[in-house]
Amino acid sequence: MLEINWRTPDETGKEKEPIKGHSHRVRRDVEEVIYESEFSIPKGFGEIGAVLVENEHRKEIYIQTIDLTGFPNGSTLTIPCTSWVHSKHYNAQKRVFFTNKCYFPSDTPSGLIRLREMELRILRGNGEGERKKSDRIYDYDKYNDLGVPDSTLARPVLGGKELPYPRRCRTGRPRTEKDPLSEERSNSVYIPRDEAFSEEKHLTFNGKTLKSVLHALLPQLEVSLDRNLGFPLFKEIDSLFNEGIALPTPKTIGFLRSVIPRLVRAISDEQKDLLLFETPAMLDRDKFSWFRDEEFSRQTLAGLNPFSIELVKEWPLKSKLDPEMYGSPESLITTELVEKEIKGFMTVNEALEKKKLFLLDYHDLLIPLVNKVREIEGTTLYGSRTLFFLTESGCLRPIAVELTRPPTGDKPQWKQVFIPCWDATGVWLWRLAKAHVCAHDSGYHQLVIHWLRTHCVTEPYIIAANRQMSAMHPIFRLLNPHFRYTMEINALARESLINAGGVIESSFSPGKYSMELSSAAYDKLWRFDMEALPADLIRRGMAVEDPTAKQHGLKLTIEDYPFANDGLILWDAIKKWVSDYVNHYYQDASVVECDEELQGWWTEVRTKGHEDKKDEPWWPVLKTQKDLVHVLTTIIWVTSGHHAAVNFGQYTYAGYFPNRPTIARTNMPCEDPSDEAVNTFMTKPETVLLNCFPSKIQATTVMAVLDVLSTHSPDEEYIGEILEPSWTENPIIMDAFECFKDSLNELERIINERNADKSLRNRVGAGVVPYELLKPFSKPGVTGMGVPNSISI
């Protein structure tokens, strides 16, 4: 049944009675079912403002659009729905769908005020009870569902004073008997119904790929591979791409082949499946690039994690941790060592003054976890610092790696500096030290740069937006495309990736302390005001404000910094689009301050979604259009550019795991060495390196997951690609969007041009994968390019 509601009240000022009609099915096509209903509308009833839908079926239905025709002028009013509607037999509440017109709370037509307020009350819920699949309720909870308290998989609750963390969506599942603060886990995790993947996304991603990898493929790998067995030879790693791994005969022949054909092929006898990986682009271009120092350095600027490299601003390097607990804070990377390595080219003071020294610093963040992680069988950990020197060619050169183990038991602090060498022993120690650093960077990238700073911090923005802003609000309509599918992929992550015993814990360096590391990074490092790309670059010393700069108002410390070069153009394009949009709707600062839904959203983001940081002084306030533009641009950048830069290159750069090992399983051979360890290292150093790398099952598990996570689905919505229905009725917004789209096409052209410029050595060179991660558009599949609107994978 449909009810048509009107924008304007009757003569007495009361809301007009809606006009009702029953719909019936008139046609069924391959992909949709058409229902029709007839209404008789008297003259003078005014403009339609909303339609209420009551689903009389026993099952939920998905409504794409409601098209109203038969108007005297021959026009059609299309109301976009793209939403699931529950059965009235389970929930008597009717669903409301508003037309495309945007309204602030203060200018909502009186005929729609009640419906606007009613819809927000429904979406907020009452904070009680367990959520059902058909619910559309948005509320907050701590990350208290990652572990199983009644087992060895017990994990602490994330969120609160001890382990600060953003909030996730409340499910209302029962608390566990052993730990009343923790929530019981289940096979499916509640998300509000309209946050679920579309049917096409389900077919191409959710049910048929990631879950198949996690729930079908991985158990078969566990049967096929010894959990602790490593790769004895490099040629066995190569065989993953040309011979594959035969899997046990599955219960359903061909099942895995049908759902993940890129990974699983048929063996000729048709009785077994073969896990065979595609050759990653990096390996295909240069098989040995991962071994070289120049590629190790280049990837800090144009690889999977370009967010960690920072300018050295203080010298000498020194830890800020408590020396009583963690040992001497002074680094062994001394002035004398550095000046020896740069061979008299300049002094350290001159290098600092000329901004030539750069650092990957995983010392203070990892040191508190080292002794705990080392208790886990088959893994180890250090705190690390890696120092780079900026050469005249504009490329970075690694000059030292320092690995540190804090005091433990009766053992004192151990630390040692490794440098590029010309003797065989020194060369192999340097390679091993780099492998440890790469494992640290892989864990930090996945847990902090990727998960925390995009997926995790965005969920509160989504929850607050749905609770506080009506679907008619212009800012909700601006943000909504950038929130698509994020809550579902986050729920899947809590179910199988970041959970106790999940892929992250079993295959990445911090092990079962992975999420504690993520919490520590949130506590010590995350600030909303530093998530804007320009602010992030300035904080790391990778850029300075420069009003004379030709673009962006910034001068980059390293001119050839591919991520920053491309990212700043994307940032400017987003900012211009958001500015045009905001300034159209908010023509005076007072409108921003007086917008109760907007202010309610931003207040709730801070006080509920990021409750553990609610009193921090750095939170932006929304008083002017400029304030609002900055907040919205930051959120859209995080959900689009930031996420694309750190996600869609995962298989390209980490598909060949020696380039980015996710875990280091053995200590350096020079730390408390035994005679046996020294002998093995001296006679078979390659074996020592291979033993340090992930085991076979760890490597293949991560490779399979990264292949899926690097994939664009066929229904991907790229930034600037699709005009939202509400914008089509506003010529000014349509023109602004077309300008935005033009700027993205220009970015694509610029990236192509830069990738053909041989003077840009950090993105162009023999065997180098061109930097394309911030190219706005892509075809489906693993492409190493494309910037979706939202965090949808």
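Which side chain meets that of R167 in a salt bridge? In this predicted model, the partner of R167 is D612, with 2.9 Å between N and O. The two residues belong to distant parts of the chain, 445 residues apart: R167 lies in the loop between β9 (140-141) and β10, and D612 lies in the loop between α19 (596-609) and α20 (625-647). R167 is buried because its relative accessible area is 4%, whereas D612, at 25%, is partly exposed.

Side chains of opposite charge can pair when their charged atoms come close. Across the whole structure, a search finds 51 salt bridges. One of them joins R95 and D194 at 3.8 Å, N to O. This pair also links distant parts of the chain, with R95 in strand β8 (residues 95-98) and D194 in the loop between β10 and α2, 99 residues apart. R95 has 3% relative accessibility and therefore counts as buried; D194, with a relative accessible area of 30%, is partly exposed. A further salt bridge is formed by the side chains of D135 and R131, at 3.1 Å from N to O, and both of these residues are buried. Salt bridges also link D145, R168, R173, E183 and R494 in a network.

Negative charge is found on the surface as well, where E130, D150, E177 and E184 gather in a patch. Within this group, E177 is located in the loop between β10 (168-169) and α2 (199-224). Its relative accessibility is 78%, so E177 counts as exposed.

The text now turns to helices α17 and α25. D566 lies in helix α17 (residues 562-585) and is buried, with a relative accessible area of 0%. Beyond its neighbours within four places in sequence, D566 contacts L747, I751, R754, R763, Y771 and L774. R754, one of these contacts, is placed in helix α25 (residues 731-754). At 18% relative accessibility R754 counts as buried, because the cut-off for that class is under 20%. The C-alpha atoms of R754 and P770 are 9.2 Å apart in space, and the two residues are 16 apart in sequence.

Leaving aside neighbours within four places in sequence, its contacts are F98, R116, L120, F476 and E597. F98 is 372 residues from S470 in sequence, yet their C-alpha atoms are 9.7 Å apart.

Notes
Residues numbered from 1 in each chain as written. Predicted model: local features only at pLDDT ≥ 70, side-chain atom pairs only at ≥ 80, totals over all residues. Heavy atoms only, no water. Patch = residues over 30% accessible without salt bridge, like charges linked within 9 Å, V, L, I, M, F, W, Y side chains within 5 Å. Areas by Shrake-Rupley, 256 points an atom, 1.4 Å probe, with all protein chains shown as cover. Salt bridge = Lys/Arg side-chain N within 4 Å of Asp/Glu carboxyl O. Lys, Arg positive; Asp, Glu negative; His and termini not counted. Charge placed at Lys NZ, Arg CZ, Asp CG, Glu CD. Helix = DSSP H or I, 4+ residues; strand = E, 2+ residues; numbered from the N terminus. Buried < 20%, exposed > 50% of the residue type's maximum accessible area, 1.4 Å probe, protein only. Contact = heavy atoms within 4.5 Å.
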